[in-house]
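Please look through the structure below with this briefing beside it. The points that follow are grouped by topic.

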Amino acid sequence: VLAPQRVYEPVDLILSNPPYIPSGDIDGLMREVQYEPRMALDGDADGLRFYRAIAKLWVPLLKPGGMCAVEIGVGQAPDVTAIFREAGLQHVDVLQDAAGIPRVVRGVRL
């Protein structure tokens with residue numbers, strides 16, 4: 001769901017593993033991944049559609065001190081970091097997975 005379907009109370013935490021694969025890359029994915037429903041993978045042309053929606057529609061629901069953290073695809077850390085900063089999040093940083101790949105972007109609403 002890109003937009004809240006009702007009015008929500010402010011929240012402490014937003015966690016998401018949104019679809020983040022660019023549309024044009026999906027057909028080239030490993031066969032095992034292609035069994036996933038396309039809507040679970042497809043992040044639009046640049047793979048960033050859901051991050052923009054989270055920043056615009058959900059980040060404003062964070063309480064002061066609340067955190068938003070999202071899983072990202074390879075190479076998306078700079079773009080998602082910029083989207084979060086533009087949304088007003090502070091202390092935006094990137095966490096790496098066990099293989100040392102940037103995998104999570106998180107930020108705090110002050």
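Helix 2 (residues 77-86) lies across strand 2, strand 3 and strand 4, and runs at about 10° to strand 4. Helices (H or I, at least four residues) and strands (E, at least two) are DSSP runs numbered from the N terminus, while axes are lines fitted to C-alpha atoms, for helices over the stretch in contact, with angles from 0 to 180 degrees between N-to-C directions. This is a predicted model, in which local features need pLDDT of at least 70 and side-chain atom pairs count only at pLDDT 80 or more, whereas totals for chains, interfaces and linings use all residues. Residues are numbered from 1 along each chain as its sequence is written, and side-chain values use heavy atoms, leaving out hydrogens and water.

- Four strands form an open sheet in the order 1-2-4-3, with mixed pairing, where two strands pair if DSSP finds at least two bridges between them.
- Strand 1 (11-16) and strand 3 (90-96) stand at the edges with a single partner strand each, so one side of each has no neighbour in the sheet.
- Strand 2 (residues 62-71) and strand 4 (residues 102-108) run antiparallel and are joined by five bridges; V70 has V105 in strand 4 as its bridge partner.

Definitions and conventions:
Contact = heavy atoms within 4.5 Å.
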